[in-house]
Structure formats: C-alpha cells, structure tokens
Amino acid sequence: MDVAANLDRVRSNIVQACQKNGRNPDEITIIGVTKYVTIERTKETINAGIKNLGENRLDGFLEKYNAITDKAAWHFIGTLQSRKVKEVIDKVDAIHSLDRLSLAKEINKRAEQPVDCFIQVNVSGEETKHGLHPDKVLAFIKDVERFENVRITGLMTMAPHVEDEDQLRSIFRELASLRSMVKGENLLHAPCEHLSMGMSNDYQIAVEEGATHIRIGSKLVGS
Ligand SMILES: *Cc1c(COP(=O)(O)O)cnc(C)c1O
C-alpha cells in the first residue's frame, strides 16, 4: 500500500476515535515511524503529508536525517545511550525515551537550548520494557529540575503487543492519570501536556484515552 492510502485510513480511524470522546483530531500528532523502511519510502512519507518522523536507532536516524533535505520534525523514540546524545541533540525535535538521570544530565550538557523530552514510563511492568516505574516519575521530574536544558513535555509508554483491549486501555489510562498528576504540580520545567502512546496495533484505543502523539510504523509507513 502507498503511504497516502495508509494515511487516509489512519486519519479516519483517528476521527472515529476522537468522536467517541469528543476530542479534536487536530490535537493529535501522527509520528510516522520509519525504522523498517528505506530512505525512498521515508521521502514518500513526507510527501504524503507526514511531517513528524520517528526513529528508534541512532544509525537509522542519522542515515535518514542526512539523506533527507525535506523539512521534517524528527522524534527519537528508542533507547538512547548517553554517549550518543551529542550525535542527535541538535537534530531532533523531541526525545521520547528519557528514563534515567544520567541521560538527562548528558542532554543538559550537550544541548544549547531546552530540549523537549518525554519520560518513558514502564506502565505494563514487562521486564523487557524500558522506562521508569510509575511511582518514580514525580521524584524523577523533581530531580531533573536542575537541568535547565531538559524540558518535560510529556510522558511516553509502549503497551505490550496483545489484543486484549481492556488491558491496553488500562495502561493508557494509567499514563493519562500520571500526566494529570504531574501537570497539577505546575512545574515550570515540566508542563507535561503530552502523551506519546499508541502504535499500529493500538493507536485508536490510545487516542480514545488521550494520546497527543501516536507513533505508527507498520500500518502507516510500512514494515
Ligand atoms: C517501532 C516502534 C513504534 C512503531 O511500531 P509499529 O507497531 O510498527 O507501529 C512505535 N514506538 C516505538 C518506540 C517503536 O520502537
């Protein structure tokens, strides 16, 4: 399928999900995850109208970033080693995988201005998943306050690859309620307005539960 046709389907699913809970589809940023595809297909993605792209690995990111001159916003969505921060920091619009103090410290050191970071939260508790335990998020946010170049724009999670809608919904709901709690603290460095959640398998449910950034690879860009 071409990306444009996939995008039509994704958009109409988003509209439907928004209708269920009275949201405005314009609140939702679609991040096209290009990790499985070529530079050519990434260009097709931008031409189809997707201006936010996501990569989870440094090599794949740099390869595409360097080859593509069309204007796009890049989201780093994968595990980031501290020593690699300097290679991405002036190229990405947001980092979705902040999960430890050493990484925050390095981002702070290498960035020349505040960088939008999502804190990755391991809501499902799967051992294979990265991210902070939900109980640790607020203390972590208070700890990073001293890093003036780290701005907590929101929270991110990855749900397990399951079909059980209730299970997915409860994970997204927990992230949303964590976000409300953090927002309620009114911290200048952590407006925490955004929720990066939902992938090919579960983005409609994520939108119903308040996602502002959905990260879609296989069902949009391709696999
Ligand atoms: C690969 C990936 C996605 C997209 O996965 P699909 O299931 O192909 O949509 C989203 N988020 C992260 C962090 C990923 O690594």
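## Reading the calls in this predicted model

User: How do you know whether T45 is buried or exposed?

Analyst: T45 has a relative accessibility of 0%. Buried means under 20% relative accessible area, exposed over 50%, and partly exposed in between (1.4 Å probe, protein chains only). T45 is therefore called buried.

User: Where does T45 lie, and which residues does T45 touch?

Analyst: T45 is found in helix α2, residues 39-47. Helices (H or I, at least four residues) and strands (E, at least two) are DSSP runs, numbered from the N terminus. Leaving out residues up to four places away in sequence, T45 touches V3, I50, L53 and V221, a contact being heavy atoms within 4.5 Å.

User: Which residues of helix α3 are buried, and what do they pack against?

Analyst: In helix α3 (residues 58-67), L58, G60, F61, L62 and K64 are the buried residues. They pack against α2, β2 (52-55), β3 (73-76) and α4 (85-88).

User: What covers the buried residues of α5?

Analyst: The buried residues of α5 are L103, A104, E106, I107 and N108. Their cover includes α4, β4 (94-98), β5 and β6.

User: What makes R110 and E106 a salt bridge?

Analyst: A salt bridge is a side-chain nitrogen of Lys or Arg within 4 Å of a carboxyl oxygen of Asp or Glu. For R110 and E106 the N to O distance is 2.8 Å, and the pair is a salt bridge. The two residues are four apart in helix α5 (residues 101-110), which means that about one helical turn separates them. An α-helix has 3.6 residues a turn, so residues three or four places apart point the same way. R110 is partly exposed at 33% relative accessibility, whereas E106 is buried at 14%.

User: What does the salt bridge between D116 and R151 tie together?

Analyst: The side chains of D116 and R151 meet with N and O 2.7 Å apart. Because D116 lies in strand β5 (residues 115-120) and R151 in strand β6 (residues 150-156), the pair ties together parts that are 35 residues apart in sequence. D116 is partly exposed at 26%, and R151 is partly exposed at 31%.

User: How many salt bridges are there, and which residues does the network that includes E165 join?

Analyst: The count comes to 15 salt bridges. One of them links E165 with R169, the closest N and O atoms being 3.0 Å apart. E165 is partly exposed, with a relative accessible area of 42%, and R169 is buried, at 16%. Both lie in helix α7 (residues 165-183), four residues apart, about one turn of the helix. Salt bridges with shared partners join K20, E165, R169, R173, E208 and E209 into one network.

User: How do you know how many disulfides there are?

Analyst: A disulfide is a covalent bond between the sulfur atoms of two cysteines. The rule applied here asks for a pair of cysteine sulfur atoms within 2.5 Å, and by this rule the count is zero. The sulfur of C18 is 20 Å from the closest cysteine sulfur, in C192, and therefore too far for a bond. C117 is likewise in no disulfide, the nearest cysteine sulfur, that of C192, being 12 Å away. C18 is buried at 1% relative accessibility, and C117 is buried at 0%.

User: Why is the protein chain called as compact as a globular protein of its length?

Analyst: The protein chain has eight helices and eight strands. Its radius of gyration is 17 Å, close to the 17 Å that the globule rule gives for 223 residues, so the chain is as compact as a globular protein of that length. The radius is taken over C-alpha atoms, and the rule is 2.2 Å times the number of residues to the power 0.38. Along the principal axes, the C-alpha atoms fill a box of roughly 45 × 40 × 30 Å.

Definitions and conventions. Residues are numbered from 1 along each chain as its sequence is written. This is a predicted model: local features need pLDDT of at least 70, side-chain atom pairs count only at pLDDT 80 or more; totals for chains, interfaces and linings use all residues. Side-chain values use heavy atoms; hydrogens and water are left out.
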